[in-house]
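User: Please take me through this model in short turns. Start with the fold, then turn to charges and loops.

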Amino acid sequence: AEIDFKKGMAEALRYIGIAYYAVGSYDIALENYHDAAELSEEMGLKGSLASNYNNIAIIHDIRGDNETARLYYQRSLAINRELDNQQGIAYNLINIGLIHHNLGQISQALDTQMEALKKTERLGDKNGMALALNNLGALLAEIDRNEEAIEKHREAFALREQLNNKPGMSSNLYSIGQIHFHKNRPDSALIYYDKALKLVTEINDRRMKSKILV
């Protein structure tokens, strides 16, 4: 009975952490994730431990502490590899790829996102595929491989359209617009900005709208 209680407690702490994360109370979220991780480790709940490490990493990532974020993503990845949790591995790789990007390690970031893309394709995980493609698009644009970047954003857009993920779709349209704008193709840029604006107006995404209207 005590085992069940502790298991339930670990899960509850993780969900409390997620709730505080959702409202932007990162300190309290972090505290709950750490408590949940401690209990999970004590109970040998490896899957739960990997999730908590990933969530701890996300908060450090948001706060710009790339090294701590990478450390926890790597811990989560090591457990997911041990458990052969392919989906967990894929999302860890997507997140680690973003850290490489933050640190300006473009070739490592490209390799990591490509590995994540292959895994999500094998899993048939359209959301994961779209995330990896989106991140590849951003990386390729940064090193002036613009046509490839546009292609990746188009592929991500098509997947997100199937999932009816309008915030994701508008983000891809905006990114394609940005590439055209920086390549001095204002007419093409305008078409994509306009499409992105229509979508964010539809879903009333104020943050994205202000980004497009800047």
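Analyst: Helices (H or I, at least four residues) and strands (E, at least two) are DSSP runs, numbered from the N terminus. This is a predicted model, where local features need pLDDT of at least 70, side-chain atom pairs count only at pLDDT 80 or more, and totals for chains, interfaces and linings use all residues. Residues are numbered from 1 along each chain as its sequence is written, and side-chain values use heavy atoms, with hydrogens and water left out.

User: How many helices and strands are in the chain?
Analyst: Read along the sequence, the pattern is α-α-α-α-α-α-α-α-α-α-α. The C-alpha atoms fill a box of roughly 65 × 35 × 30 Å along the principal axes. The count is 11 helices and zero strands.

User: What percentage of the 214 residues is buried?
Analyst: Buried means under 20% relative accessible area, exposed over 50%, and partly exposed in between (1.4 Å probe, protein chains only). By that scale, the buried share of the 214 residues is 44%.

User: Which residue of helix α3 pairs with Glu-82?
Analyst: Glu-82 lies in helix α4 (residues 66–83) and is paired into helix α3 (residues 46–62), so parts 36 residues apart in sequence are tied together. Glu-82 is exposed because its relative accessible area is 52%. The N to O distance is 2.4 Å, and the partner is Lys-46.

User: What is the distance between the closest N and O atoms of Asp-194 and Lys-198?
Analyst: Both residues lie in helix α10, four residues apart, about one turn of the helix. Asp-194 is partly exposed because its relative accessible area is 38%. Lys-198 is exposed because its value is 54%. They form a salt bridge, with the closest N and O atoms at 3.0 Å.

User: Which side chain of opposite charge is nearest to Lys-119?
Analyst: Lys and Arg count as positive, Asp and Glu as negative; His and the chain ends are not counted. Lys-119 sits in helix α6 (residues 106–123) and is buried, yet has no salt bridge. Contact means heavy atoms within 4.5 Å; leaving aside neighbours within four places in sequence, Lys-119 touches Gln-86, Ile-89, Ala-90 and Leu-93. The nearest opposite charge is 4.9 Å away, on Glu-115.

User: What is the phi of Asp-144?
Analyst: Asp-144 is in the loop between α7 (126–142) and α8 (146–162). Asp-144 counts as exposed because its relative accessibility is 55%. Although Asp-144 is not a glycine, its phi is positive, at about 65°.

User: Where is Asn-184?
Analyst: Phi of Asn-184 is near 65°, a positive value in a residue other than glycine. Asn-184 is exposed because its relative accessible area is 67%. Its place is the loop between α9 (166–182) and α10 (186–203).

Terms used
A salt bridge is a side-chain nitrogen of Lys or Arg within 4 Å of a carboxyl oxygen of Asp or Glu.
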